[in-house]
Amino acid sequence: MDKTSILWADDEIELLKPHILFLEEKGYEVITATNGHDALDLIDKNNFEIVFLDENMPGLSGLETLQRIKNKFADLPVIMITKSEEEYIMEDAIGSQITDYLIKPVNPKQILLSLKKNLEHKKLISAKTSSGYQQEFRNIGMTLGDKLNHEQWADVYKKLIYWELELDKSSDEGMYDILTMQKNEANLQFSKFVESNYVHWLKNEESSPVLSHQLFRRKILPVIEATSDPVFFFLIDNLRYDQWKVIAPMIGDFLRVNTEESYYSILPTATQYSRNAIFSGMMPSDIEKRHPKLWMNDDDEGGKNLHEEEFLADQLQRLRKDIKFSYTKITNLNAGKDLADNVMNLFNNKFNVIVYNFVDMLSHARTDMQVIRELAEDESAYRSITRSWFQHSPLMDAMQKIASRKCSVIISTDHGTIRVKEPSRIVGDRNTNTNLRYKQGKNLNYEKRDVFEVKNPSDAMLPKTNLSSTYVFAKQDKFFAYPNNFNHYVNFYRDTFQHGGISLEEMIIPFISLTNK
(Lines give C-alpha, C1' and ligand atoms only; values in the text may rest on other atoms or scores of the structure.)
Protein backbone atom coordinates (compact mmCIF):
# COMPACT_ATOMS: atom_id res chain seq x y z
CA MET A 1 0.00 0.00 0.00
CA ASP A 2 1.43 3.43 -0.99
CA LYS A 3 2.40 5.72 1.86
CA THR A 4 0.77 9.13 2.29
CA SER A 5 3.33 11.68 1.09
CA ILE A 6 3.76 14.88 3.15
CA LEU A 7 5.84 17.98 2.45
CA TRP A 8 6.96 19.82 5.59
CA ALA A 9 8.51 23.27 4.99
CA ASP A 10 10.10 24.99 8.01
CA ASP A 11 13.39 26.86 8.38
CA GLU A 12 13.88 25.07 11.72
CA ILE A 13 13.19 21.62 10.30
CA GLU A 14 16.06 20.02 12.31
CA LEU A 15 14.19 20.81 15.52
CA LEU A 16 11.19 18.91 14.17
CA LYS A 17 13.00 15.57 13.71
CA PRO A 18 11.10 13.88 16.57
CA HIS A 19 7.81 14.85 14.93
CA ILE A 20 8.95 13.56 11.55
CA LEU A 21 10.15 10.24 13.02
CA PHE A 22 6.80 9.88 14.81
CA LEU A 23 4.90 10.32 11.53
CA GLU A 24 7.20 7.91 9.69
CA GLU A 25 6.55 5.30 12.38
CA LYS A 26 2.84 5.81 11.70
CA GLY A 27 3.41 4.97 8.03
CA TYR A 28 3.65 8.44 6.48
CA GLU A 29 6.40 9.57 4.08
CA VAL A 30 7.75 13.02 5.03
CA ILE A 31 9.81 15.16 2.62
CA THR A 32 11.30 18.35 4.08
CA ALA A 33 12.24 21.84 2.88
CA THR A 34 13.79 24.77 4.76
CA ASN A 35 12.39 27.64 2.65
CA GLY A 36 9.51 28.59 0.40
CA HIS A 37 11.40 28.37 -2.92
CA ASP A 38 12.56 24.81 -2.25
CA ALA A 39 9.06 23.87 -1.16
CA LEU A 40 7.60 25.13 -4.45
CA ASP A 41 10.24 23.23 -6.46
CA LEU A 42 9.44 20.00 -4.57
CA ILE A 43 5.69 20.47 -5.13
CA ASP A 44 6.30 20.86 -8.88
CA LYS A 45 8.22 17.55 -8.99
CA ASN A 46 6.23 15.38 -6.55
CA ASN A 47 2.66 14.36 -5.82
CA PHE A 48 2.15 15.40 -2.22
CA GLU A 49 -1.14 14.73 -0.50
CA ILE A 50 -0.73 17.49 2.08
CA VAL A 51 1.71 20.29 3.02
CA PHE A 52 2.79 21.53 6.47
CA LEU A 53 3.93 25.12 6.01
CA ASP A 54 5.72 27.35 8.55
CA GLU A 55 4.40 30.90 8.41
CA ASN A 56 7.64 32.63 9.50
CA MET A 57 10.39 31.63 7.05
CA PRO A 58 13.18 33.90 5.75
CA GLY A 59 12.99 34.96 2.10
CA LEU A 60 9.63 33.84 0.74
CA SER A 61 7.25 33.96 3.71
CA GLY A 62 4.79 31.25 4.55
CA LEU A 63 1.82 33.33 3.38
CA GLU A 64 3.55 34.16 0.08
CA THR A 65 4.43 30.49 -0.41
CA LEU A 66 0.85 29.53 0.38
CA GLN A 67 -0.50 31.94 -2.24
CA ARG A 68 1.81 30.51 -4.93
CA ILE A 69 0.87 26.93 -4.00
CA LYS A 70 -2.84 27.74 -4.28
CA ASN A 71 -2.34 29.54 -7.61
CA LYS A 72 -0.97 26.32 -9.15
CA PHE A 73 -2.53 23.55 -7.02
CA ALA A 74 -5.79 24.92 -5.65
CA ASP A 75 -6.94 21.56 -4.24
CA LEU A 76 -3.70 20.67 -2.42
CA PRO A 77 -4.40 20.80 1.37
CA VAL A 78 -2.06 23.13 3.27
CA ILE A 79 -1.76 23.25 7.08
CA MET A 80 -0.21 26.51 8.32
CA ILE A 81 2.05 26.31 11.40
CA THR A 82 3.15 29.52 13.13
CA LYS A 83 4.48 30.93 16.38
CA SER A 84 2.33 34.04 15.96
CA GLU A 85 -1.19 34.38 17.29
CA GLU A 86 -1.74 37.68 15.48
CA GLU A 87 -5.32 37.78 14.22
CA TYR A 88 -4.42 39.34 10.85
CA ILE A 89 -2.08 36.41 10.06
CA MET A 90 -4.85 33.92 10.80
CA GLU A 91 -7.27 35.93 8.65
CA ASP A 92 -4.79 36.09 5.74
CA ALA A 93 -4.13 32.37 5.96
CA ILE A 94 -7.81 31.48 6.15
CA GLY A 95 -8.55 33.85 3.26
CA SER A 96 -5.94 31.97 1.24
CA GLN A 97 -7.85 28.73 1.82
CA ILE A 98 -5.68 26.89 4.29
CA THR A 99 -6.96 23.52 5.41
CA ASP A 100 -5.96 23.87 9.06
CA TYR A 101 -4.06 26.24 11.38
CA LEU A 102 -1.72 25.16 14.23
CA ILE A 103 0.15 27.33 16.76
CA LYS A 104 3.72 26.42 17.79
CA PRO A 105 4.87 24.62 19.75
CA VAL A 106 2.95 21.66 18.35
CA ASN A 107 3.17 18.12 19.67
CA PRO A 108 3.19 14.95 17.51
CA LYS A 109 -0.39 14.02 18.43
CA GLN A 110 -1.66 17.42 17.26
CA ILE A 111 0.04 16.84 13.92
CA LEU A 112 -1.41 13.33 13.63
CA LEU A 113 -4.90 14.54 14.51
CA SER A 114 -4.71 17.26 11.86
CA LEU A 115 -3.59 14.70 9.27
CA LYS A 116 -6.39 12.29 10.10
CA LYS A 117 -8.96 15.07 10.21
CA ASN A 118 -7.98 16.39 6.80
CA LEU A 119 -6.84 13.30 4.89
CA GLU A 120 -8.86 10.50 6.41
CA HIS A 121 -11.95 12.48 7.40
CA LYS A 122 -14.24 10.93 4.79
CA LYS A 123 -12.88 7.44 5.36
CA LEU A 124 -13.31 7.68 9.14
CA ILE A 125 -16.84 9.08 8.81
CA SER A 126 -17.67 6.38 6.26
CA ALA A 127 -16.44 3.65 8.61
CA LYS A 128 -18.37 5.10 11.58
CA THR A 129 -21.53 5.51 9.46
CA SER A 130 -21.29 1.95 8.17
CA SER A 131 -20.75 0.65 11.69
CA GLY A 132 -23.70 2.67 12.97
CA TYR A 133 -26.02 1.40 10.25
CA GLN A 134 -24.93 -2.20 10.84
CA GLN A 135 -26.26 -1.88 14.38
CA GLU A 136 -29.40 -0.07 13.23
CA PHE A 137 -29.93 -2.65 10.46
CA ARG A 138 -30.56 -5.30 13.10
CA ASN A 139 -32.87 -3.02 15.08
CA ILE A 140 -34.92 -2.02 12.03
CA GLY A 141 -35.03 -5.63 10.85
CA MET A 142 -36.49 -6.74 14.18
CA THR A 143 -38.97 -3.83 14.14
CA LEU A 144 -40.24 -4.86 10.70
CA GLY A 145 -41.32 -8.15 12.19
CA ASP A 146 -43.58 -6.38 14.71
CA LYS A 147 -47.18 -5.33 14.22
CA LEU A 148 -46.58 -1.62 13.66
CA ASN A 149 -49.13 1.20 13.74
CA HIS A 150 -49.13 4.18 11.38
CA GLU A 151 -46.95 6.31 13.69
CA GLN A 152 -44.36 3.54 14.04
CA TRP A 153 -44.25 3.10 10.26
CA ALA A 154 -43.54 6.81 9.89
CA ASP A 155 -40.68 6.43 12.41
CA VAL A 156 -39.24 3.44 10.50
CA TYR A 157 -39.34 5.37 7.24
CA LYS A 158 -37.59 8.39 8.77
CA LYS A 159 -34.87 6.12 10.19
CA LEU A 160 -34.31 4.56 6.77
CA ILE A 161 -34.06 8.01 5.19
CA TYR A 162 -31.62 9.14 7.87
CA TRP A 163 -29.29 6.24 7.13
CA GLU A 164 -29.75 6.60 3.38
CA LEU A 165 -28.60 10.22 3.57
CA GLU A 166 -25.70 9.31 5.87
CA LEU A 167 -24.53 6.44 3.66
CA ASP A 168 -24.90 8.77 0.68
CA LYS A 169 -21.92 10.69 2.10
CA SER A 170 -19.80 7.57 2.57
CA SER A 171 -17.94 5.41 0.07
CA ASP A 172 -19.35 2.12 1.33
CA GLU A 173 -21.43 1.01 -1.65
CA GLY A 174 -21.93 -2.44 -0.17
CA MET A 175 -23.63 -1.02 2.90
CA TYR A 176 -25.77 1.25 0.70
CA ASP A 177 -26.90 -1.83 -1.23
CA ILE A 178 -27.89 -3.49 2.06
CA LEU A 179 -29.92 -0.41 2.99
CA THR A 180 -31.67 -0.54 -0.40
CA MET A 181 -32.60 -4.17 0.25
CA GLN A 182 -33.94 -3.24 3.69
CA LYS A 183 -36.02 -0.43 2.20
CA ASN A 184 -37.48 -2.92 -0.28
CA GLU A 185 -38.37 -5.26 2.58
CA ALA A 186 -39.90 -2.35 4.52
CA ASN A 187 -42.01 -1.42 1.50
CA LEU A 188 -43.22 -4.99 1.17
CA GLN A 189 -44.40 -5.02 4.79
CA PHE A 190 -45.77 -1.47 4.56
CA SER A 191 -47.86 -2.39 1.50
CA LYS A 192 -49.42 -5.25 3.48
CA PHE A 193 -50.07 -2.86 6.36
CA VAL A 194 -51.85 -0.33 4.12
CA GLU A 195 -53.82 -3.07 2.37
CA SER A 196 -55.10 -4.32 5.74
CA ASN A 197 -55.91 -0.92 7.25
CA TYR A 198 -56.67 1.68 4.55
CA VAL A 199 -60.44 1.17 4.23
CA HIS A 200 -60.76 1.04 8.03
CA TRP A 201 -58.95 4.40 8.33
CA LEU A 202 -61.51 6.06 6.08
CA LYS A 203 -64.32 4.97 8.38
CA ASN A 204 -62.59 5.61 11.73
CA GLU A 205 -60.75 8.92 11.98
CA GLU A 206 -59.80 8.30 15.62
CA SER A 207 -57.52 5.40 14.69
CA SER A 208 -56.24 6.76 11.37
CA PRO A 209 -53.20 8.85 10.56
CA VAL A 210 -53.89 12.36 9.30
CA LEU A 211 -54.93 11.80 5.67
CA SER A 212 -55.02 14.25 2.76
CA HIS A 213 -58.66 15.25 3.19
CA GLN A 214 -58.10 15.88 6.92
CA LEU A 215 -54.86 17.86 6.53
CA PHE A 216 -56.35 21.34 6.50
CA ARG A 217 -58.72 20.75 9.43
CA ARG A 218 -56.31 18.77 11.63
CA LYS A 219 -52.94 20.33 10.84
CA ILE A 220 -53.18 23.66 8.99
CA LEU A 221 -56.18 25.35 10.61
CA PRO A 222 -54.69 24.98 14.13
CA VAL A 223 -51.60 26.89 12.94
CA ILE A 224 -53.78 29.67 11.48
CA GLU A 225 -55.84 29.97 14.65
CA ALA A 226 -52.83 29.92 16.99
CA THR A 227 -51.29 33.12 15.62
CA SER A 228 -52.27 36.66 14.71
CA ASP A 229 -49.56 36.71 12.03
CA PRO A 230 -50.08 35.84 8.34
CA VAL A 231 -49.62 32.15 7.52
CA PHE A 232 -47.97 30.98 4.29
CA PHE A 233 -48.65 27.41 3.14
CA PHE A 234 -46.12 26.24 0.52
CA LEU A 235 -47.27 23.04 -1.14
CA ILE A 236 -44.25 21.83 -3.13
CA ASP A 237 -45.85 18.99 -4.97
CA ASN A 238 -44.16 15.60 -5.15
CA LEU A 239 -41.75 16.56 -2.33
CA ARG A 240 -40.56 13.40 -0.61
CA TYR A 241 -39.25 13.31 2.94
CA ASP A 242 -35.65 12.80 1.76
CA GLN A 243 -35.92 15.78 -0.57
CA TRP A 244 -37.19 17.90 2.30
CA LYS A 245 -34.14 16.86 4.35
CA VAL A 246 -31.68 18.06 1.67
CA ILE A 247 -33.31 21.50 1.28
CA ALA A 248 -33.96 21.93 5.02
CA PRO A 249 -30.46 23.27 5.85
CA MET A 250 -30.87 26.07 3.28
CA ILE A 251 -34.30 27.01 4.63
CA GLY A 252 -32.90 26.83 8.17
CA ASP A 253 -30.66 29.80 7.38
CA PHE A 254 -33.66 32.13 7.46
CA LEU A 255 -36.62 30.21 8.95
CA ARG A 256 -36.78 28.29 12.23
CA VAL A 257 -38.31 24.80 12.15
CA ASN A 258 -40.86 24.46 14.96
CA THR A 259 -42.16 20.98 14.16
CA GLU A 260 -41.16 18.37 11.60
CA GLU A 261 -44.00 15.88 11.22
CA SER A 262 -45.58 13.71 8.54
CA TYR A 263 -48.99 12.73 7.29
CA TYR A 264 -50.36 10.09 4.89
CA SER A 265 -51.48 10.70 1.33
CA ILE A 266 -54.75 9.10 0.28
CA LEU A 267 -54.92 6.61 -2.59
CA PRO A 268 -54.30 7.07 -5.42
CA THR A 269 -51.15 9.02 -4.50
CA ALA A 270 -51.78 11.20 -7.56
CA THR A 271 -52.22 14.96 -7.81
CA GLN A 272 -55.84 15.07 -8.93
CA TYR A 273 -56.91 12.91 -5.98
CA SER A 274 -54.63 13.86 -3.10
CA ARG A 275 -54.32 17.59 -3.77
CA ASN A 276 -58.02 18.10 -4.48
CA ALA A 277 -58.68 16.23 -1.22
CA ILE A 278 -56.39 18.62 0.70
CA PHE A 279 -58.12 21.78 -0.49
CA SER A 280 -61.67 20.48 -0.48
CA GLY A 281 -61.38 18.66 2.83
CA MET A 282 -63.24 15.75 1.25
CA MET A 283 -62.50 12.38 -0.29
CA PRO A 284 -62.82 12.18 -4.10
CA SER A 285 -66.25 10.50 -4.14
CA ASP A 286 -67.63 13.28 -1.92
CA ILE A 287 -66.01 15.97 -4.08
CA GLU A 288 -67.71 14.47 -7.12
CA LYS A 289 -71.09 14.53 -5.35
CA ARG A 290 -70.75 18.08 -3.99
CA HIS A 291 -69.03 19.57 -7.05
CA PRO A 292 -70.17 17.50 -10.05
CA LYS A 293 -69.24 20.26 -12.48
CA LEU A 294 -65.74 20.72 -11.03
CA TRP A 295 -64.56 17.15 -10.39
CA MET A 296 -62.82 15.51 -13.37
CA ASN A 297 -62.45 11.74 -13.63
CA ASP A 298 -59.41 10.08 -15.20
CA ASP A 299 -61.09 9.67 -18.57
CA ASP A 300 -62.52 13.23 -18.69
CA GLU A 301 -60.88 15.75 -20.99
CA GLY A 302 -59.20 18.76 -19.39
CA GLY A 303 -57.08 19.65 -16.37
CA LYS A 304 -57.71 17.77 -13.18
CA ASN A 305 -56.53 20.44 -10.72
CA LEU A 306 -58.10 23.65 -11.94
CA HIS A 307 -60.47 24.33 -9.04
CA GLU A 308 -58.36 24.10 -5.88
CA GLU A 309 -59.08 27.71 -4.91
CA GLU A 310 -62.84 27.11 -5.18
CA PHE A 311 -62.50 23.89 -3.17
CA LEU A 312 -60.64 25.75 -0.40
CA ALA A 313 -63.22 28.56 -0.28
CA ASP A 314 -65.98 25.96 0.03
CA GLN A 315 -64.12 24.11 2.82
CA LEU A 316 -63.67 27.33 4.81
CA GLN A 317 -67.37 28.08 4.41
CA ARG A 318 -68.33 24.59 5.62
CA LEU A 319 -66.04 25.02 8.63
CA ARG A 320 -67.56 28.48 9.25
CA LYS A 321 -64.16 30.13 9.11
CA ASP A 322 -64.07 33.67 7.80
CA ILE A 323 -60.43 33.76 6.73
CA LYS A 324 -59.10 36.09 4.04
CA PHE A 325 -56.87 33.96 1.83
CA SER A 326 -54.97 33.99 -1.44
CA TYR A 327 -54.19 31.13 -3.78
CA THR A 328 -51.18 31.15 -6.14
CA LYS A 329 -50.08 28.31 -8.40
CA ILE A 330 -46.57 28.32 -9.90
CA THR A 331 -46.08 26.15 -12.99
CA ASN A 332 -43.12 27.84 -14.72
CA LEU A 333 -40.05 29.97 -14.06
CA ASN A 334 -41.65 33.32 -14.99
CA ALA A 335 -44.54 32.72 -12.61
CA GLY A 336 -41.98 31.90 -9.91
CA LYS A 337 -40.15 35.20 -10.53
CA ASP A 338 -43.44 37.12 -10.37
CA LEU A 339 -44.15 35.48 -7.01
CA ALA A 340 -40.73 36.46 -5.64
CA ASP A 341 -41.21 40.05 -6.85
CA ASN A 342 -44.69 40.45 -5.36
CA VAL A 343 -44.75 38.08 -2.38
CA MET A 344 -44.71 40.89 0.20
CA ASN A 345 -48.14 42.03 -1.03
CA LEU A 346 -49.54 38.76 0.35
CA PHE A 347 -49.06 39.97 3.93
CA ASN A 348 -52.47 41.63 3.54
CA ASN A 349 -54.04 38.15 3.81
CA LYS A 350 -54.34 35.96 6.88
CA PHE A 351 -53.67 32.77 4.89
CA ASN A 352 -51.68 32.38 1.68
CA VAL A 353 -51.52 29.17 -0.34
CA ILE A 354 -48.63 28.82 -2.78
CA VAL A 355 -48.61 25.63 -4.86
CA TYR A 356 -45.24 25.06 -6.50
CA ASN A 357 -45.19 22.48 -9.27
CA PHE A 358 -41.44 22.15 -9.88
CA VAL A 359 -40.77 18.75 -8.31
CA ASP A 360 -43.72 17.23 -10.16
CA MET A 361 -42.44 18.68 -13.44
CA LEU A 362 -38.99 17.28 -12.68
CA SER A 363 -40.25 13.76 -12.03
CA HIS A 364 -42.31 13.71 -15.22
CA ALA A 365 -39.56 15.40 -17.20
CA ARG A 366 -37.24 12.67 -16.02
CA THR A 367 -39.51 10.18 -17.76
CA ASP A 368 -39.75 12.16 -20.97
CA MET A 369 -36.38 13.86 -21.40
CA GLN A 370 -33.10 12.00 -21.82
CA VAL A 371 -31.02 14.82 -20.35
CA ILE A 372 -33.04 14.84 -17.12
CA ARG A 373 -32.90 11.05 -16.98
CA GLU A 374 -29.11 11.25 -17.04
CA LEU A 375 -29.01 14.03 -14.42
CA ALA A 376 -31.32 12.17 -12.03
CA GLU A 377 -30.36 8.56 -12.64
CA ASP A 378 -30.83 7.38 -9.05
CA GLU A 379 -32.09 8.47 -5.64
CA SER A 380 -28.93 10.37 -4.73
CA ALA A 381 -28.89 12.28 -8.03
CA TYR A 382 -32.61 13.01 -7.71
CA ARG A 383 -31.98 14.60 -4.31
CA SER A 384 -29.00 16.48 -5.66
CA ILE A 385 -30.92 18.04 -8.54
CA THR A 386 -33.71 19.01 -6.12
CA ARG A 387 -31.16 20.70 -3.84
CA SER A 388 -29.54 22.53 -6.74
CA TRP A 389 -32.89 23.68 -8.12
CA PHE A 390 -34.09 25.00 -4.76
CA GLN A 391 -30.84 26.85 -4.09
CA HIS A 392 -31.24 28.88 -7.29
CA SER A 393 -35.05 29.03 -7.45
CA PRO A 394 -37.46 31.96 -7.15
CA LEU A 395 -39.15 29.89 -4.43
CA MET A 396 -36.13 30.31 -2.15
CA ASP A 397 -36.09 34.04 -2.95
CA ALA A 398 -39.77 34.31 -2.01
CA MET A 399 -39.24 32.42 1.26
CA GLN A 400 -36.27 34.61 2.20
CA LYS A 401 -38.34 37.73 1.62
CA ILE A 402 -41.28 36.66 3.77
CA ALA A 403 -38.81 35.58 6.49
CA SER A 404 -37.89 39.26 6.88
CA ARG A 405 -41.30 39.90 8.47
CA LYS A 406 -43.22 38.21 11.24
CA CYS A 407 -45.19 35.24 9.90
CA SER A 408 -45.78 31.51 10.18
CA VAL A 409 -44.84 29.14 7.38
CA ILE A 410 -45.98 25.62 6.51
CA ILE A 411 -44.16 23.46 3.98
CA SER A 412 -45.75 20.25 2.78
CA THR A 413 -46.78 18.31 -0.32
CA ASP A 414 -49.61 16.22 -1.74
CA HIS A 415 -47.74 12.93 -2.34
CA GLY A 416 -44.26 11.56 -2.97
CA THR A 417 -42.72 9.41 -5.68
CA ILE A 418 -40.90 6.09 -5.95
CA ARG A 419 -38.30 4.92 -8.45
CA VAL A 420 -40.03 2.03 -10.20
CA LYS A 421 -38.01 -1.06 -11.07
CA GLU A 422 -40.23 -4.14 -11.58
CA PRO A 423 -42.95 -4.36 -14.26
CA SER A 424 -46.30 -5.93 -13.47
CA ARG A 425 -48.44 -7.08 -16.40
CA ILE A 426 -51.94 -5.66 -16.70
CA VAL A 427 -54.65 -5.76 -19.35
CA GLY A 428 -57.45 -3.21 -19.64
CA ASP A 429 -59.76 -1.68 -22.23
CA ARG A 430 -59.13 1.54 -24.11
CA ASN A 431 -60.72 3.64 -21.33
CA THR A 432 -58.24 2.49 -18.69
CA ASN A 433 -56.21 5.43 -17.32
CA THR A 434 -52.53 5.80 -18.22
CA ASN A 435 -50.93 6.18 -14.75
CA LEU A 436 -48.17 3.61 -14.19
CA ARG A 437 -48.87 3.10 -10.47
CA TYR A 438 -52.65 2.81 -10.34
CA LYS A 439 -55.35 1.76 -12.78
CA GLN A 440 -59.08 2.15 -12.76
CA GLY A 441 -61.44 0.57 -15.27
CA LYS A 442 -63.63 -2.39 -16.00
CA ASN A 443 -62.49 -5.89 -16.93
CA LEU A 444 -58.97 -5.30 -15.63
CA ASN A 445 -56.71 -8.35 -15.67
CA TYR A 446 -53.66 -8.12 -13.40
CA GLU A 447 -51.21 -9.94 -11.14
CA LYS A 448 -53.05 -9.99 -7.80
CA ARG A 449 -49.91 -10.40 -5.70
CA ASP A 450 -48.55 -7.09 -7.09
CA VAL A 451 -51.54 -4.91 -6.23
CA PHE A 452 -53.98 -3.68 -3.62
CA GLU A 453 -57.33 -4.14 -5.35
CA VAL A 454 -60.48 -2.18 -4.55
CA LYS A 455 -63.34 -3.85 -6.38
CA ASN A 456 -65.94 -1.53 -4.89
CA PRO A 457 -64.64 2.07 -5.28
CA SER A 458 -67.04 3.38 -2.64
CA ASP A 459 -65.08 1.36 -0.02
CA ALA A 460 -62.10 3.64 -0.69
CA MET A 461 -64.36 6.69 -1.22
CA LEU A 462 -63.40 6.91 -4.88
CA PRO A 463 -65.61 7.88 -7.84
CA LYS A 464 -67.21 5.06 -9.76
CA THR A 465 -67.12 5.72 -13.50
CA ASN A 466 -69.23 2.64 -14.33
CA LEU A 467 -70.93 -0.28 -12.59
CA SER A 468 -67.94 -2.63 -12.86
CA SER A 469 -65.16 -0.13 -12.02
CA THR A 470 -62.17 -1.51 -10.17
CA TYR A 471 -59.14 0.33 -8.80
CA VAL A 472 -55.77 -1.38 -8.44
CA PHE A 473 -52.72 0.18 -6.78
CA ALA A 474 -49.19 -1.05 -7.48
CA LYS A 475 -47.24 -2.02 -4.39
CA GLN A 476 -43.52 -1.56 -3.58
CA ASP A 477 -41.54 -0.53 -6.69
CA LYS A 478 -43.81 -2.18 -9.28
CA PHE A 479 -45.17 -0.39 -12.34
CA PHE A 480 -47.89 -1.49 -14.72
CA ALA A 481 -46.98 -2.57 -18.24
CA TYR A 482 -49.18 -3.86 -21.04
CA PRO A 483 -48.27 -7.20 -22.66
CA ASN A 484 -48.21 -5.77 -26.18
CA ASN A 485 -44.85 -4.06 -26.80
CA PHE A 486 -43.90 -5.12 -23.26
CA ASN A 487 -40.09 -4.92 -23.54
CA HIS A 488 -40.06 -1.46 -25.10
CA TYR A 489 -42.45 -0.20 -22.44
CA VAL A 490 -40.41 -1.69 -19.62
CA ASN A 491 -37.10 -0.33 -20.91
CA PHE A 492 -38.58 3.15 -21.28
CA TYR A 493 -40.16 3.42 -17.82
CA ARG A 494 -37.93 1.32 -15.57
CA ASP A 495 -35.94 3.48 -13.11
CA THR A 496 -38.21 6.50 -13.58
CA PHE A 497 -39.90 8.23 -10.65
CA GLN A 498 -43.65 7.62 -10.54
CA HIS A 499 -46.55 8.03 -8.12
CA GLY A 500 -50.09 6.77 -7.65
CA GLY A 501 -49.45 3.55 -5.75
CA ILE A 502 -48.49 2.30 -2.30
CA SER A 503 -45.02 2.85 -0.89
CA LEU A 504 -43.38 4.60 2.03
CA GLU A 505 -42.02 7.19 -0.37
CA GLU A 506 -45.41 8.04 -1.90
CA MET A 507 -47.63 7.90 1.18
CA ILE A 508 -45.62 9.14 4.20
CA ILE A 509 -44.89 12.74 3.42
CA PRO A 510 -43.48 15.78 5.28
CA PHE A 511 -45.44 18.45 7.12
CA ILE A 512 -43.18 21.21 8.44
CA SER A 513 -44.18 24.19 10.59
CA LEU A 514 -41.77 27.16 10.69
CA THR A 515 -41.49 30.75 11.86
CA ASN A 516 -39.12 33.55 10.94
CA LYS A 517 -36.00 33.88 13.09
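These legends describe close-up views of a predicted model.

**View 1. Helix H11 packs against helix H13.** H11 spans residues 271-280, and H13 spans residues 308-318. Their axes lie 7 Å apart and meet at an angle of about 35°. H11 contributes Arg275, Asn276, Ile278, Phe279 and Ser280 to the contact. From H13 come Glu308, Phe311, Leu312, Gln315 and Arg318. By class, this contact has 4 nonpolar, 3 polar and 3 charged residues.

**View 2. Leu306 sits in the loop between helix H12 and H13.** H12 covers 284-290. Leu306 counts as exposed because its relative accessible area is 60%, and the cut-off for exposed is over 50%. Leu306 and Asn276 are 30 residues apart in sequence. In space, their C-alpha atoms are 9.3 Å apart.

**View 3. Helix H17 runs from residue 379 to 391.** H17 has 13 residues. From first C-alpha to last, H17 reaches 18 Å, close to the 18 Å expected at 1.5 Å a residue. At its start, a side-chain oxygen of Asp378 comes to within 3.2 Å of the backbone nitrogen of Ser380. The buried residues of H17 are Glu379, Ala381, Tyr382, Arg383, Ile385, Thr386, Trp389 and Phe390.

**View 4. Buried residues of helix H18 pack against helices and strands.** H18 spans residues 394-402. Its buried residues are Pro394, Leu395, Met396, Ala398, Met399 and Ile402. Their helix partners are H10 (241-251), H14 (333-342) and H17. Their strand partners are E6 (231-236), E9 (351-356) and E10 (408-412).

Methods
Residues are numbered from 1 along each chain as its sequence is written. This is a predicted model: local features need pLDDT of at least 70, side-chain atom pairs count only at pLDDT 80 or more; totals for chains, interfaces and linings use all residues. Side-chain values use heavy atoms; hydrogens and water are left out. Axes are lines fitted to C-alpha atoms, for helices over the stretch in contact, and angles run from 0 to 180 degrees between N-to-C directions. Helices (H or I, at least four residues) and strands (E, at least two) are DSSP runs, numbered from the N terminus. Contact means heavy atoms within 4.5 Å. Ala, Val, Leu, Ile, Met, Phe, Trp, Tyr, Cys and Pro count as nonpolar, Asp, Glu, Lys and Arg as charged, and the others, Gly among them, as polar. Buried means under 20% relative accessible area, exposed over 50%, partly exposed in between (1.4 Å probe, protein chains only). The expected span of a helix is 1.5 Å times one less than its number of residues. A polar contact is a pair of N or O atoms within 3.5 Å; within protein, one must be able to donate a hydrogen and the other to accept it, and residues adjacent in sequence count only if both atoms are side-chain atoms.
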